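Colleague: Please put the model up, and then we can go through the chains by question and answer.

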Amino acid sequence: MMLNKLLSGDFPRSRILAGLLLAIFLGLALAPFIASGARPLNVAATICVFIVLVASYDLLLGYTGIVSFAHTMFYGIGAYGVGLALNGMTPGWGAVSIGLACALTLSLLLALVIGLFSLRVKAIFFAMITLAVASAFAVLASQLSEFTGGEDGRSFKVPEILQPGFRLIDAEIFGRAVDGKVITYYLVFFSALALFLGMLRIVNSPFGRVLQSIRENDFRAEALGYRTVIYRTLGNCLAALVATLAGALMALWLRYVGPKTFLSFEVMTDILLIVVIGGMGTLYGAVIGATLFILAQNYLQTLMGQASEMLSDVPFLAQLLHPDRWLLWLGVLFILSVYFFPIGIVGKLRAGVRRKS
Amino acid sequence: MSEILLRLSAVHTHIGQYHILQGVDLIVPKGGLTVLLGRNGAGKTTTLRTIMGLWHASQGTLSFAGNDITRWPTPDIASAGVAYVPENMGIFSDLTVRENLLLAARAGELDAARLDWIFGLFPALRKFWNQPAGTLSGGQKQMVAIARAIAEPRKLLLVDEPTKGLAPAIVHSLITAFRELKTTDTSILLVEQNFNFVKSLGDTVAVMDDGRIVHAGAMDQLADDTALQQRLLGLSLTAHE
Amino acid sequence: MTTTAENRAEVSAALADSAMALPRLRIDYQPLLIIPLLALLAMPLVGSFPTWVTLTVAGLAMGMMIFIMASGLTLIFGLMDVLNFGHGAFVSVGAFTATLVLLPMKNWVQADSVLLNLSALGLAVLLAMLVTGVLGWAFERIIIRPVYGLHLKQILITMGGMIVAEQMINVIWGAEQIPLPLPETFRGVFVFGDSAVEKYRLIAVGIGLAVFIAMFLVLNRTKIGLLIRAGVENREMVEALGYRIRRLFVGVFVAGSALAGLGGVLWGLYKETLTAAIGGEITVLVFIVIIIGGLGSVGGCFIGAILVALVANYAGFLAPKVALVSDILVMVAVLLWRPQGLYAVAKR
């Protein structure tokens with residue numbers, strides 16, 4: 001039936017999971033009208049983008065078995081491509097197209113080079129090298145200030161229909177003005193949805209199955225006649241292209257690009273955390289993980305701030321719970337998830353079903 | 001009947017999902033040289049590695065010199081008096097020949113008298129004493145590997161296909177070395193495919209196929225019986241001359 | 001086999017020939033030439049000799065400090081096959097621990113006496129190495145031991161450990177930058193003819209050389225060093241020779257972490273202001289250096305560290321924009337020449 005085709009046969013396989021996914025889908029689809037104000041909408045848009053970004057990383061890590069730290073680089077390329085084009089040219093869809101085309105081309109080239117380079121070196125080398133490359137790229141972005149805006153990044157104007165001042169209809173729906181922001185949101189939402197479903201299609205195709213077999217045992221895959229080189233490189237390129245698109249979407253939403261937002265190591269650790277907690281090799285893990293993570297990142301910090309204030313007479317505890325120390329708890333959670341949630345939330349939910357049946 | 005030094009009872013070993021040893025019953029008597037024959041893939045190397053504790057038996061028991069070593073970690077098995085010369089010789093290429101042998105001397109220094117005896121077996125070692133072992137030829141490395149295994153007295157020597165890829169002249173010197181070793185207190189379990197090499201050396205023989213022992217007995221018996229050789233090893237003696 | 005007298009003579013002769021043939025002695029000298037050649041090449045490019053001296057000493061000093069920080073990691077990886085992406089945490093902890101000694105001991109630090117200054121530094125180094133050593137022991141037990149052999153998990157968990165360590169530094173020492181003042185007699189420069197050389201840099205070079213020589217002696221003249229070198233090549237065989245090499249692992253990990261702590265103290269004094277991220281910032285550079293040197297080779301790490309530091313300093317003078325990515329360019333160049341690093345360890 002139609003749902004089967006849409007999800008490419010990759011069902012949630014757990015009622016709780018299906019319920020969660022449906023809730024998230026509805027929440028994101030109706031976000032502009034559920035809550036008012038800029039912040040909730042920003043959270044929702046960030047969730048959409050991160051779902052795509054992390055899912056593309058899951059394609060690389062969970063399905064192909066490649067550990068790479070260069071993923072934020074592609075995210076950044078997408079963002080800077082669109083952002084710099086809109087900044088340098090008249091803000092319009094022409095600029096967006098050109099910027100996007102350049103970004104995708106650059107990402108493809110880099111992904112090819114990196115993918116082929118991974119042949120000459122072992123997996124551990126490869127991971128460390130991608131780390132070095134990504135950090136070099138971040139340094140370049142912040143140092144070539146005339147071009148990229150340096151550390152502070154660049155703000156830019158988006159096409160008219162996406163601008164906050166633009167009104168599609170004069171009336172308000174559920175208290176939300178249908179302005180450029182809302183339109184941008186739905187651009188982000190539907191693009192993210194399309195990309196995610198596209199990735200589901202890819203991993204459930206014969207191509208995706210070969211990727212998984214390579215991850216399991218690449219000697220055997222090679223012996224069965226699959227040129228693992230080609231598949232790995234293709235996997236690399238696909239993941240990079242999707243990440244680039246995610247970056248472009250985010251740039252359009254924020255109307256800003258900058259190294260800290262798009263190229264920093266924090267983003268890479270966020271991606272890793274989400275993919276591990278959500279569940280590697282499931283794609284749905286990216287959905288659950290990203291939602292949980294972004295919600296926590298925004299709202300938990302407020303909670304932490306309140307708790308820290310309450311404990312202000314015990315300085316050590318107050319310091320531990322200070323909202324700036326958000327990363328501390330992230331790190332602890334990270335370590336605990338690697339130990340106790342190796343299959344992630346999605347894996348745990350699915351395992352629960354199997355045990356019952 | 002001589003004493004039993006090593007006994008494997010119904011030993012199974014799995015590597016990942018591959019079931020390599022499928023119920024091995026093997027006895028190595030004390031003193032003398034036991035040969036383990038079999039074609040490629042029969043499980044001979046796996047047997048040695050299981051004895052050494054590098055891979056653990058999933059079923060069955062191994063006992064050595066009165067101890068149940070089935071679950072023992074490798075260093076303990078080595079300390080109990082087992083020395084191992086693997087197929088790839090396990091030489092440390094960046095270390096000199098001297099340093100390679102020094103590692104075998106757990107007490108600290110090598111016994112001078114013993115060292116002289118080893119130089120008698122392998123005179124070439126004296127020449128390369130301070131060369132990095134990685135620069136030696138295959139035959140020279142094999143000598144180092146064996147010398148290292150006997151640098152201190154051991155109860156049992158496990159040797160995996162020592163003649164593989166070696167020139168006949170070197171093989172000849174190995175035969176002499178093993179003959180001398182047999183006169184000491186050390187028992188030897190030798191894995192080989194070259195029947196010619198072992199028929200004059202071996203006292204007892206076991207033949208392995210598909211992860212099981214399919215024949216065990218005295219070497220003389222097998223050496224005299226060409227029909228049995230044909231059946232077990234798929235070759236006749238003359239083919240190897 | 002025939003046994004006539006002739007044949008026996010033939011066999012003996014062949015034996016003598018092949019067995020006695022001395023192997024060609026090959027010392028891999030090419031990487032050793034890189035540093036001198038680079039320095040010589042830079043001289044005409046830089047132009048002025050005094051500037052060249054300053055740059056070269058700066059490069060040597062920085063290289064030594066990086067070597068100290070990286071040497072532990074390359075051994076840990078070579079011997080234990082453990083990827084500690086959190087190695088930078090020990091650098092940070094070392095640097096911050098030094099503040100516990102150097103800040104209170106103001107009179108020793110600000111005194112114009114080499115003896116007092118050195119003693120203060122010595123105490124700071126001792127405390128830093130002790131703390132990072134203990135931290136390393138705990139790290140190995142709690143974080144690393146459960147994930148031996150599982151590279152992906154190691155990468156993830158050690159990164160998590162790094163984040164936690166950095167944040168804990170912020171909790172304990174606060175989130176602002178902390179100044180780490182150089183002791184009085186270490187400030188300033190020595191003047192040789194026209195060249196000015198910073199005193200502290202010479203000290204760093206001295207300490208770095210001392211560490212290198214000490215490591216060289218331990219690795220090449222002691223039984224433990226022998227075990228480490230053998231274990232880096234073939235862990236299994238060392239166990240088959242009767243050694244419980246896992247016990248050695250903990251020792252090497254603790255030593256490596258303590259070395260990182262020492263490096264952290266020196267690096268912190270070099271930078272003169274500390275932030276919790278000081279170790280994280282250097283992580284990429286340390287990785288690059290151990291890749292260049294060859295995972296598991298201390299000698300390669302030494303050359304790699306000095307190479308990267310010299311190039312960074314020369315490039316910083318000649319082409320500043322390039323200098324920022326010079327370390328990556330050096331890494332790519334070296335890997336194109338030798339894909340396993342300068343001195344690849346012969347693996348089983």
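Modeller: Two strands pair if DSSP finds at least two bridges between them, and strands (E, at least two residues) and helices (H or I, at least four) are DSSP runs numbered from the N terminus. This is a predicted model, in which local features need pLDDT of at least 70 and side-chain atom pairs count only at pLDDT 80 or more, while totals for chains, interfaces and linings use all residues. Residues are numbered from 1 along each chain as its sequence is written, and chains are lettered from A and ligands numbered from 1 in the order in which they are written.

Colleague: Over how many bridges do β1 and β4 of chain B pair?

Modeller: β1 covers residues 4-15 of chain B and β4 covers residues 59-64. H12(B) stands opposite Q59(B) in β4(B). The two strands pair in the antiparallel sense, and the number of bridges is five.

Colleague: Which helix of chain A gives the largest share of the side that touches chain C?

Modeller: With contact meaning C-beta atoms, placed from the backbone, within 7 Å, 32 residues of chain A are in contact with 29 residues of chain C. α7 (123-143), α14 (265-278), α16 (315-320) and α17 (326-340) of chain A each supply at least two residues of that side. The largest share, 13 residues, comes from α7(A).

Colleague: What is the radius of gyration of chain A?

Modeller: Chain A has 18 helices and four strands. The globule rule (2.2 Å times the number of residues to the power 0.38, with the radius taken over C-alpha atoms) gives 21 Å for 357 residues, and the chain is close to that, so it is as compact as a globular protein of that length. The C-alpha trace of chain A spans about 60 × 50 × 50 Å along its principal axes. The radius of gyration of chain A is 21 Å.

Terms used. Two residues are in contact if their C-beta atoms, placed from the backbone, lie within 7 Å.
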